[in-house]
Amino acid sequence: MSATLHPIEVEVNGKKRSSQVPARLSLVDWLRDELRLTGTHVGCEHGVCGACSVMLDGEAVRACLMYAVQAHGHRVTTVEGLTKPDGGMSPLQDAFCETHGLQCGYCTPGMLIAAQALLDANPRPTENEIREAIGGNLCRCTGYQQIVDAVRLAASLVK
Amino acid sequence: MSAYRYIGKGRRAKEHPRFVTGRGRYVADISLLGMKHIALVASPHASARIAAIRVDAALAAPGVHHVLTGEEFCAHTDSLQIGVDAPKVTRWALARGVVRYAGEWVAAVVADSRALAEDAAELVEVDYQPLPQVVDPEEALEGRILVHPEHGSNILYRRKFVWGPVEEAFAGADHRLSFRASWGRSATVPIETFGVVASWDAGTQILDIWASIQMPKYPDQTARALRLPGNAVRVHYDVDVGGSYGVKRGIKHTVLAAYLARRLGAPMRLIEDRLENMRGGDMQGRTACSTCRRPSTATERFAACAFAPSTTSGPTPVARRCSSASRSAPSAALTASPRSSTSRSR
Amino acid sequence: MKSAAFEYTRAASIGEACELLARHGDGAKLLAGGQSLVPMMAMRLLRPAWLIDINEIAALKFVAAESDAVRVGACTRQAVVERDSALAERVPLLRQALAWVGHAQTRNRGTIGGSLAHADPSAELPLVAQVLGARLLLRSSKGKRTLDAASFFTGAMSTAIRVDECLEEIEWPVWRESRTGSAFTELCIRHGDFAVVAAAAQVALDDAGRCVRAAFGLAAVGQTPLAFPKLAAGLVGSFLTEDLMRAAANDAADACEPGGDLHASAEYRRHLAGVLAARALREAHEKAKAA
């Protein structure tokens, strides 16, 4: 059917990326397959699990429910973009390791994005606010408690 | 304070740093040069004869390299292992002649991308003649509708375990208690679905496999189905797995992808999407109906227990454990009945 | 689960969006937040030939306070409305309802207009529109027209929007009575899911505590969200005793036509309707007394 390619320019993790994409290519598939940023994961492809979460202009969104063409002119941050400029782990990433807030690691990038977006907007979240912020992310391994602990720990570390 | 070096000390897991920085390597992260993508055509019927499959329109669709049906596939590979002594019960990744559960794969499309493969899969035309179906284990036991007629019944495995003097305990009892419990199918739904990448090297005659796998005898069963020597299948165990909790069997996906890799001379990727994962009728926990009968006397309440679980493991079983606690005389029967799941609305 | 192919345009203006709708008719769908549309496209339940992306039209994203109403552009993100404290003071039911709508990620993309146009009978924002009598402005290349909520919602997942029309803005009435209180409550399987049953209520009291205005409604118990203006009118002039509120809630429950499904039987939904409507009225009353 449509073989039309749309030119896009998207700032991804601080770098300008240009591309030509078919309209139906999802944002998550573009990030993973073309930019090889495979840290963002595909879990359900219908907006339920949160594994595909990225930041769009600083806010957490489901990358499986956006088409890459829609990201033209916007800023995208993936889990790879959460590390410090020197490549070291952010306080939040380190906190996940400290509290054992992951097992298989598949939901983890989405959790980190949701949690970092919360901390960027609200550096001192309550427990309820933490749970609400990650409420759109499913985890089948941990039972969530240690993920909440990680976010609380990270919040306490940042001055 | 722990006297040990490792036990009782809060230690970090070695693999966590790569997961939190997005450097995990799951099967869908693996991209091989020239890799092709597989999409499936699945039966919407729980029980049906396949009268015809027409693939011309699919073959002509953009980016399509091949459409495989059971007629070719089942002739060139061996049945997957059943795990119980039922030589007439066979199982392949693709149906041949009949479908035995809604969701059973009827054809596989190979294309340059998953999206193009899905486009072509919609163009495959299958003529089904629906047949009577049975999904309830107790109804299946009656055997009026046979899932594998060549086997002669729907009972795939029957075993009786007797520990202690059960009959005497029942005979001497004042009272008898009986209750029936049944529960439905279950799925573990890991956030990562099953996936496999298969690559055949015609020079070395070695099959390389990357998969989201966590079960034993995986290379062995794959080799056997493909009629390969065991040491010709090289499974790369350093692929991260995004959860499984028992459901990632993956043999049928792997044999299919490997066959196509060898047939077409290109690496193959088959990643289940979430609909395929939820509708994979033979990748779920079984339905079970259990009847427990217990005699009791005034003085000795729980003298014995006879426990008779009857479970369906679907159209074909993968060997299931029949466990029962207590000193009892349980008898276990595994029955075959077609799995039914919601029909596809694609 | 890859979408079937489609043609795509990013509309630069409402006019352009309407022109494209007029040209492509029912072969086109508007793409706003995509939180409901894109899953259906991924499952190939929907396969429009054209997607008209209206996310970049600034004129559709605004919150404007007027004397008797707040106008909200159809493409305003749910999260933006949720965060707007001035809006929450004037139309408190919106923020109260949004606390039950989806999750952070879906509210960051999902739009106010998108939820209303999608018209799921168990959705929260359509219920608020129905209860408050919101007015919906529809634009086409032929002109514009305004519908009140009661005329806008025509059935399950169905509205009066014509094939060449785009929902442009929603006018949410503001109650000027000083002692106004509102509440939104629902029962859902997991927080963020669609409601099994939801209830919304808003009441206003005079200085003596007598009810001078009331509105309440229920979602997921009919083909559309249901408001009960006659039953609410019956509460006006009273002191909103527990008995009166319960009676109104039970009358509402009797009047609705819930369906049964995997999550709840029709009888259970009817029972919930009475319980939740009373709870919403009670909480709204408490808030009004404290105001």
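Predicted model: local features only at pLDDT ≥ 70, side-chain atom pairs only at ≥ 80, totals over all residues.
**Notebook: chain C and its surroundings**

Entry 1. I looked up how strand 5 (residues 69–73) of chain C meets strand 10 (residues 166–173) of chain C, and found five bridges, with the two strands running antiparallel. Both belong to an open sheet of five strands, which I noted in the order 4-5-10-6-7 (chain C), with antiparallel pairing. Its edges are strand 4 (63–65) and strand 7 (143–148) of chain C, each of which pairs on one side only. From one strand to the next I have an average twist of 20°. I then checked what lies against this sheet: helix 1 (residues 14–24) of chain C packs on it and touches strand 6 (135–140) and strand 10 of chain C. The direction of helix 1 makes about 125° with that of strand 10 of chain C.

**Entry 2. The parallel sheet.** I turned to a second open sheet in chain C, with three strands in the order 1-3-2 and parallel pairing. Strand 1 (7–10) and strand 2 (28–31) of chain C are at the edges with a single partner strand each, so one side of each has no neighbour in the sheet. The twist here averages 20° from one strand to the next. I counted four bridges between strand 2 of chain C and strand 3 (residues 50–53) of chain C, in the parallel sense.

**Entry 3. Chain C as a whole.** I listed twelve helices and 14 strands for chain C. For 291 residues a compact globule would have a radius of gyration near 19 Å, and chain C agrees because its own value is 19 Å. Along the principal axes, I put its C-alpha atoms in a box of roughly 60 × 45 × 30 Å. Buried residues account for 54% of the 291 residues. Of the contacts in chain C between residues at least 6 apart in sequence, 65% join residues at least 24 apart.

**Entry 4. The core.** I looked for the largest nonpolar core and found 228 residues in it; those with the most contacts inside it are B:Val109, C:Ala200, C:Phe216 and C:Ala277. Helix 12 (residues 266–290) of chain C gives the most to this core, with nine residues. I then took C:Ala200 and set aside its neighbours within four places in sequence; its contacts include C:Leu93, C:Leu127, C:Phe184, C:Phe216 and C:Ala280.

**Entry 5. Where chain B touches chain C.** I found nine residues of chain B in contact with six residues of chain C. On the chain B side, helix 4 (114–121) and helix 9 (274–279) are the elements that give two or more residues. Helix 4 of chain B gives the most, with four residues. I sorted the residues of this side into two nonpolar, one polar and six charged.

**Entry 6. A strand of chain B.** I followed strand 2 (residues 48–54) of chain B to its partners. Two bridges join it to strand 4 (residues 98–99) of chain B, running antiparallel. Six bridges join strand 2 of chain B to strand 6 (residues 125–130) of chain B, also antiparallel. B:Arg49 has B:Val98 as its bridge partner in strand 4 of chain B, and it stands opposite B:Gln129 in strand 6 of chain B.

Technical notes. Residues numbered from 1 in each chain as written. Chains lettered and ligands numbered in written order. Rg over C-alpha atoms; globule rule 2.2 N^0.38 Å. Buried ≥ 20, exposed ≤ 12 C-beta atoms within 10 Å, placed from the backbone. Contact = placed C-beta atoms within 7 Å. Core = buried A, V, L, I, M, F, W, Y, C linked by C-beta atoms within 7 Å. Pairing = 2+ DSSP bridges. Axes fitted to C-alpha atoms, helices over the stretch in contact; angles between N-to-C directions. Nonpolar A, V, L, I, M, F, W, Y, C, P; charged D, E, K, R; others polar.
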